[in-house]
Amino acid sequence: MNADQPPLPTILVLASGSGTNLQALIEASRERDFPGQIAAVGCNRPNAFALERAAKAHIETFVVDHTKYDSREAFDGALMQEIRRHNPDLVVLAGFMRILTTDFVRAFRGQLLNIHPSLLPKYTGLNTHQRALDAGDTLHGVSVHFVTEELDGGPVIAQAEVAVAPDDTAESLAEKVQEKEHILYPIVVRWFCEGRIQLGSDYVTFDGELLKKPMRLPDN
Ligand code: GRF
């Protein structure tokens, strides 16, 4: 980087488990022209594999173990403190399996992204793949959205679809959806770091224009 250039926006990733989305972001951030840098990775589980992935990539990590706090507020307060220490421009939830308090969500409003394995507004919450199968859906997919107070309800920025095959199971669908996740999340994070997407009151702007419907990842 040229010394006259402003520093890249910083990204803090929160994860709870395996961290395949984190891995996709780490790889994207290694591209020469990636407009942001991952400053830290935080987990609520001390044994999350995401921590190993981060360490291997020489990214600072921290753990705020939710089992050590007796209320959601206390946990979120401690988490907020850790995040503020890094003062990131963007907080990326990548399989972070905790419901966040209103205070937390408000504190990072417009700087907080989540990836959810369904075509929102369909199937907020858990077991999305099985629910899509049970409903007989022929299309399923993944959404990246700004986080607001409503669980999985913030304005959607982009989606990628997968076709549901007659012999799909929840597991096979999850695999197909994850493949798309690993493409979609880095794209949206890139847009954020480039200053292209912003959260309005209950909408998203893309390049300064109201985004009337979520951006779609082109099929293969
Ligand atoms: C992904 O399926 C994501 O959609 C959901 O949690 C899962 C995280 O997977 N929010 P990983 O830890 O990134 O592998």
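## The largest pocket

The residues lining the largest pocket divide into 15 nonpolar, 17 polar and five charged, where Ala, Val, Leu, Ile, Met, Phe, Trp, Tyr, Cys and Pro count as nonpolar, Asp, Glu, Lys and Arg as charged, and the others, Gly among them, as polar. The structure is a predicted model, in which local features need pLDDT of at least 70 and side-chain atom pairs count only at pLDDT 80 or more, while totals for chains, interfaces and linings use all residues. Residues are numbered from 1 along each chain as its sequence is written, and side-chain values use heavy atoms, with hydrogens and water left out.

The lining comprises 37 residues, of which G95, F96, M97, I115 and P117 lie nearest the centre of the pocket; a pocket is an open set of points on a 1 Å grid over the protein atoms alone, where a 1.4 Å probe fits, with protein on both sides within 12 Å along at least five of seven lines, and lining residues have an atom within 4 Å of a point. Its volume is about 900 Å³, taken as the space filled by probe spheres set on the points, which are joined across faces, edges and corners. At least two lining residues come from each of α1 (20-29), β5 (112-116), α5 (128-134) and α6 (170-193), and α6 gives the most, with four residues. Helices (H or I, at least four residues) and strands (E, at least two) are DSSP runs, numbered from the N terminus.

Two strands pair if DSSP finds at least two bridges between them. β5 and β6 pair in the antiparallel sense over four bridges, and H116 has S143 in β6 as its bridge partner. Strand β7 (residues 156-163) also runs antiparallel to β6, joined to it by seven bridges, with H140 standing opposite V162 in β7.

## Backbone details

Most residues other than glycine have a negative phi, and most peptide bonds are trans. The peptide bond from L120 to P121, however, is cis, with omega near 10°, and P121 lies in the loop between β5 and α5.

H58, which is not a glycine, has a positive phi of about 60° and sits in the loop between α2 (49-56) and β3 (60-63). With a relative accessible area of 73%, H58 is exposed, a term that means over 50%. D207, likewise not a glycine, has a positive phi of about 50° and is found in the loop between β9 (204-206) and β10 (209-210). At 46% relative accessibility, D207 counts as partly exposed, the class between buried and exposed.

Note on methods: Buried < 20%, exposed > 50% of the residue type's maximum accessible area, 1.4 Å probe, protein only.
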